[in-house]
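Open the model in your viewer and keep the selection tool ready. Each stop below says what to pick and what is there.

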Amino acid sequence: MDGAGRLTRSVRSVGPQADLKAAAIGAVVLLRERLGRRARVPAKPTIDRERPNRLVRLVERYLPNRLGVTLTVLMLLGSAGLGIVKGGHVDEFMVALGDTRNALANSAGFRITEVAINGRKQLSQDEVLAIGGVNGRSSLLFLDAATLRDKLKANPWIADATILKLYPGQLQIDIVERTAFALWQQDGRLSVISEDGAVLEPYVSRRFVTLPLVVGKGADVRARDFLALLDRYPQVRSVTKAAILVGERRWNLRLKDGLDIRLPENDVGNALAMLSKLDKEDRLFSRDIVAVDMRLPDRLTVQLSEDAAKAREELFKDKKTKKKAGDSA
């Protein structure tokens, strides 16, 4: 105690303890504040927007993340396809696509290096390949045998075709050609036809000049049966220039010297047999006549030429004159 009776404290004992305690408390506070700043994440600014409707919320909730990208790509492809169609570039696009595909196959070793075509007579190898659409860009891998066969059969000269693909680069085509059977004239046009009446090509080549000629509507499909019947009578067939179908019902024959034979609608075989017999016995085809009408079953009518008719008329006049002179005597 001091002289005044007050309790005195030791300065040594109070000062250092208080300083240490205060320093520790300050360090703890500073540490807490620093750790707190690092842990706190600044809040993102929010944008006020209208709440989406129910359909949009469902799409956002259940739609897979990558499906949107897929749909976008599909929309772009669809737009491109629509542009190609509206612009009229479909054929060009398909050709370019096919050429690209064939180029990839050819680079992989499937180029057509050898072609064998069997059964062709009228068509050349280049014509057959052109008809089938096979060219230097074609690859055996992507060659559609069924499509190639259909293209070949669409040509009137080819009755049937067989396609064989021999990998990696051999193509074999076997075709069955139709045979040129007759020439058919209709509406001033002359065509080469086969036995079944198929028009093979317009008549432009002299190699078909020896074919029989049939004329008239429907003569193309009826020529085979009639010409087969006519072949039974070589005496008539050898002098026939053309067979003319009249009204799609009956036939007329035009002989090489211009004589017309009008055949009946029925029983044509007997009429041809009679013609052959008359020519053998009476040289009918060598007479000065222009037409023979056999349409009536019980008679045959012969039309004389103009000169023959005049000569016959004068002959009858002379006979009448002589007869009158004899009567008066």
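Strands here are DSSP runs of E at least two residues long, and they are numbered from the N terminus. The model is predicted.

**Stop 1: a cis bond.** Select P168, in the loop between β2 (158-166) and β3 (170-177). The peptide bond from Y167 to P168 is cis. Its omega is near 10°.

**Stop 2: a loop residue.** Move to D187, between β4 (182-186) and β5 (189-193). D187 is not a glycine, yet its phi is positive, about 55°. Is D187 buried or exposed? Exposed counts as over 50% relative accessible area, so D187, at 62%, is exposed.

**Stop 3: into α9.** Select D267, in the loop between β10 and α9. D267 also has a positive phi, near 55°. Now take helix α9, residues 268-282. Its 15 residues reach 21 Å from first C-alpha to last, close to the 21 Å expected.

Colour the buried residues of α9: V268, G269, A271, L272, L275, S276 and D279. Look down the helix axis: these residues fall within an arc of 165°, so they line one face. K277 and E281 are exposed on the other side. Show what covers the buried residues, including α7 (219-230), α8 (234-237), β9 (250-255), β10 (260-262) and β11 (289-293). Just after α9, check R283, with a positive phi of about 50°.

**Stop 4: a pocket.** Finish at the second largest pocket, with about 210 Å³ of space. Its lining includes D267, N270, A271 and M274, along with R295 and R299. The lining divides into seven nonpolar, two polar and three charged residues.

Notes. Residues numbered from 1 in each chain as written. Predicted model: local features only at pLDDT ≥ 70, side-chain atom pairs only at ≥ 80, totals over all residues. Heavy atoms only, no water. 1 Å grid on protein atoms, 1.4 Å probe; cavity = no way out; pocket = protein on both sides within 12 Å on 5 of 7 lines; lining within 4 Å. Points joined across faces, edges and corners; volume = space filled by probe spheres on them. Nonpolar A, V, L, I, M, F, W, Y, C, P; charged D, E, K, R; others polar. Helix = DSSP H or I, 4+ residues; strand = E, 2+ residues; numbered from the N terminus. Expected span 1.5 Å × (residues − 1). Buried < 20%, exposed > 50% of the residue type's maximum accessible area, 1.4 Å probe, protein only. Arc of directions from axis to C-beta. Contact = heavy atoms within 4.5 Å.
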